[in-house]
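Trainee: I'd like a close look at one part of this protein, the aromatic rings. Could you walk me through them?

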Amino acid sequence: MNTILIFFSLMLLVSASNCHDSKEPTFPAILVFGDSTVDPGNNNFILTTFRSNHYPYGRDFPNGTPTGRFSNGMLVPDMLASLFGIKEFVPPYLDPSLSDDDLRTGVSFASAGSGFDELTTALSGVIPVAVQVTYFKEYIERLKMAVGDEEANKIISGAFVMISAGSNDIIFNFYDTHARRIQFNITGYHDFLLEKQTRLVKQLYDLGCRTFALFGLAPLGCVPIQITAKGSEDRKCLENENAETQMYNAKLKNLTGKLPETLPGSNISYLNTYDAVLDMVKNPQKYGFVETNRGCCGTGFLEMGPFCNAFTPVCSNPSEYLFWDGIHPTEATYRLAANTIHNQLTTSK
């Protein structure tokens, strides 16, 4: 009898321990819209050269798999999904092997090379942010088929919605090709992009989303390919582009404060990545970096996408580099950014 009682007592203790250790996720799902900073591989499934589903991309991802993420490993959405207790990786919506559980816990609609401005994607064939909403509508119908209308509505209203875009618009259309300079000065173009982002948030709100995180831009003047394009001999950040990035971010932050007034029940956060990344550039030793103005792949000045490939030499220790290629950060940088973002979100509650 005593043996049986001891056995059941132990079972109860184990059960109680398991209940204590297993925490409810902060959000039921994560839904992601934007560009290469948050695209886990949607471009693998469309006709475009803007892809990274080849080595050396993904060399530090589990099993060394090049998934289509523009980095050597994971991206911020993966890390936040894990920190929120949702899941380990955020899959691309266009992956035909998506399971019902993938749909239930969230996906990314983002597309590398994308932006708010449709002109940004005119030649590349990638998915504009506005079209990503069309895929989201399709996702809602698939989710309803998988879990039922009531549960689907509950998941969408409780989901954490990330929006990360704008860099490609400004770099491609204003700094490097001047395509939009005919119509706008820089402040006018900022307003044009913010109007597009406002429309996106309102569309997603009308479709049931309530919790949004709008990502500010990192210092565009510190991106290696921009430093190279402007011929900076000392490879220092371009101060004018950084100043204009701060102007854009200030407007975006102001927008996140005003939007909830017209969207009852919404929770909209501005996420400041600019200061964190700039501090990494200015104080690299604090973060374990030794190289901040060029990428790990190739020369690090220009290579990205198809030009960062299996025949391109890479650095031996990517965690010492702020950038993986000529544009995109390393997993180490994304990890620092994700922790900063998570702290911003948890302290703002």
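How many aromatic pairs does the structure hold?

Mentor: Keep in mind that this is a predicted model. The structure holds 19 aromatic pairs. Let's start with one of them, Y93 with F109: the two rings are tilted, with 40 degrees between the planes and 5.2 Å centre to centre. This pair links distant parts of the chain, since Y93 sits in the loop between α2 (76-83) and α3 (100-105), while F109 sits in the loop between α3 and α4 (129-147). Y93 counts as buried because its relative accessible area is 2%, which is under the 20% cut-off. F109 is buried as well, because its relative accessible area is also 2%.

Now stay with Y93 and look at another partner. Y93 also pairs with Y139, and here the geometry is edge-to-face: 80 degrees between the planes, 6.2 Å centre to centre. That pair, too, links distant parts of the chain, from Y93 in the loop between α2 and α3 to Y139 in helix α4, 46 residues apart. Both Y93 and Y139 are buried.

Ring pairs join Y93, F109 and Y139 with F33, Y135 and F136 into a cluster. So if you click on Y93 in the viewer, you are looking at a member of that cluster that pairs with F109 in a tilted way and with Y139 edge-to-face.

R210 lies over the face of Y205, 3.8 Å from the ring centre.

Conventions: Residues are numbered from 1 along each chain as its sequence is written. This is a predicted model: local features need pLDDT of at least 70, side-chain atom pairs count only at pLDDT 80 or more; totals for chains, interfaces and linings use all residues. Side-chain values use heavy atoms; hydrogens and water are left out. Rings of Phe, Tyr and Trp (its six-membered ring) pair if their centres lie within 6.5 Å; planes under 30 degrees apart count as stacked, over 60 as edge-to-face and the rest as tilted. Helices (H or I, at least four residues) and strands (E, at least two) are DSSP runs, numbered from the N terminus. Buried means under 20% relative accessible area, exposed over 50%, partly exposed in between (1.4 Å probe, protein chains only). A charge sits over a ring if NZ of Lys or CZ of Arg is within 6 Å of the ring centre and within 35 degrees of the ring normal.
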